[in-house]
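Subject: Structure handover

Hello,

Please find the structure below, with notes on what was found in it.

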Amino acid sequence: MFDQLGLIGCGLIGGSFALALKKAGLVKRVVGYSKSPSTTERARQLGVIDIAAPSALTAVSGADIVLIAVPVGASEAAFKAIRHGISGQTLVMDVGSTKLDVIEAARSGLQDQFAAFVPAHPIAGKEVSGVEHADATLFSGRRVIVTPVKATLRSNVQRATRVWTGIGAKVSTMTPEAHDSALAAVSHLPHLLAFAFIQSLGSHENGEQFLEFAGPGFRDFTRIAASDPAVWRDILLANRTQVSAHSQAFRRSLSEFEALMASGDGQRLEEAIAKASGSRSQWRPGSDPSSD
Ligand code: NAP
């Protein structure tokens, strides 16, 4: 059991982690800090954190476990802010949806305490953000990818694995490069496409009228377009090289489908759809699909 969780970023994911640790009896107290004092106070009122800290450094002082749960672009500032509150005994983790950039942010921000940091990404979430949506069961049965690097303390990787397993998650280990490529393909590009699709519909002169006829297919295809703008701005910028590469491949595939339609070749169009349909039918989620 941990004495104190220092939580930086009291939002959906950070708040859910705090509630899950409490529910599993893995922590005695949670001290939280968020950029806006109103968010930190709201987290306290909701019982997600026990003490609202006035700074990130105060939140981690005396903590034996620290979670950074901010948009990935805010990571470096958060690591810098906590550096002097970290000791050799502290386990530091993040939850960012991209890993190479966050690892560099930690290297630069934590400096001599970098070895304490275990990069982690829970494949669990919602398209709504904020502490109001925090949920103690969010990680139950879901996959968490940890991406340790050479310098990472092995004992902290083991502690991180025990924590995530203790709140019901299934832990996988990957390199940060493999993580960012895979997540670009199955998460970041689909979000980009959903944003672009909704934008194109919105800019059509009859877009609003079309929406009146939208059904379950539209709902399923576009759910993730309602995701948090600041969180997704940071993810798409941080992983832009990988996302662009997958986006180019997608463009080629879209062009192939357009060409088949233009040619009127129904048989080949059906074959292409059957191939895609078969792949989708065979897919079984490694964790719940309602995640980022
Ligand atoms: P969220 O609900 O918007 O929470 C983010 C929190 O970070 C907010 O409380 C915000 O505080 C705080 N914050 C922002 N900048 C900060 C700073 N400089 N210092 C301290 N606190 C700061 O977002 P979220 O969905 O929990 O996302 C958090 C992280 O989880 C992101 O890195 C994201 O990539 C990752 N993630 C998200 C999902 C998902 O489905 N949402 C899934 C897996 C991983 P204010 O309210 O004061 O602005």
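The notes cover the ligand and its surroundings, then a pair of aromatic rings.

This is a predicted model, in which local features need pLDDT of at least 70, side-chain atom pairs count only at pLDDT 80 or more, and totals for chains, interfaces and linings use all residues. Residues are numbered from 1 along each chain as its sequence is written, and side-chain values use heavy atoms, with hydrogens and water left out.

The ligand is surrounded by 28 residues (each with a heavy atom within 4 Å of it). The closest are Ser36, Thr39, Val70, Ser97 and Gly130. By class, 14 of the shell residues are nonpolar, 11 polar and 3 charged (Ala, Val, Leu, Ile, Met, Phe, Trp, Tyr, Cys and Pro count as nonpolar, Asp, Glu, Lys and Arg as charged, the others, Gly among them, as polar).

For Lys126, a backbone N or O atom lies 3.3 Å from a ligand oxygen. On its own the ligand has 900 Å² of accessible area (Shrake-Rupley method, 1.4 Å probe), and the protein covers 87% of that.

The whole structure holds 7 aromatic pairs (ring centres within 6.5 Å; planes under 30 degrees apart are stacked, over 60 edge-to-face, the rest tilted). Phe195 and Trp232 have ring centres 6.5 Å apart and planes at 65°, so this pair is edge-to-face.

Regards

Technical notes: A polar contact is a pair of N or O atoms within 3.5 Å; within protein, one must be able to donate a hydrogen and the other to accept it, and residues adjacent in sequence count only if both atoms are side-chain atoms. Rings of Phe, Tyr and Trp (its six-membered ring) pair if their centres lie within 6.5 Å; planes under 30 degrees apart count as stacked, over 60 as edge-to-face and the rest as tilted.
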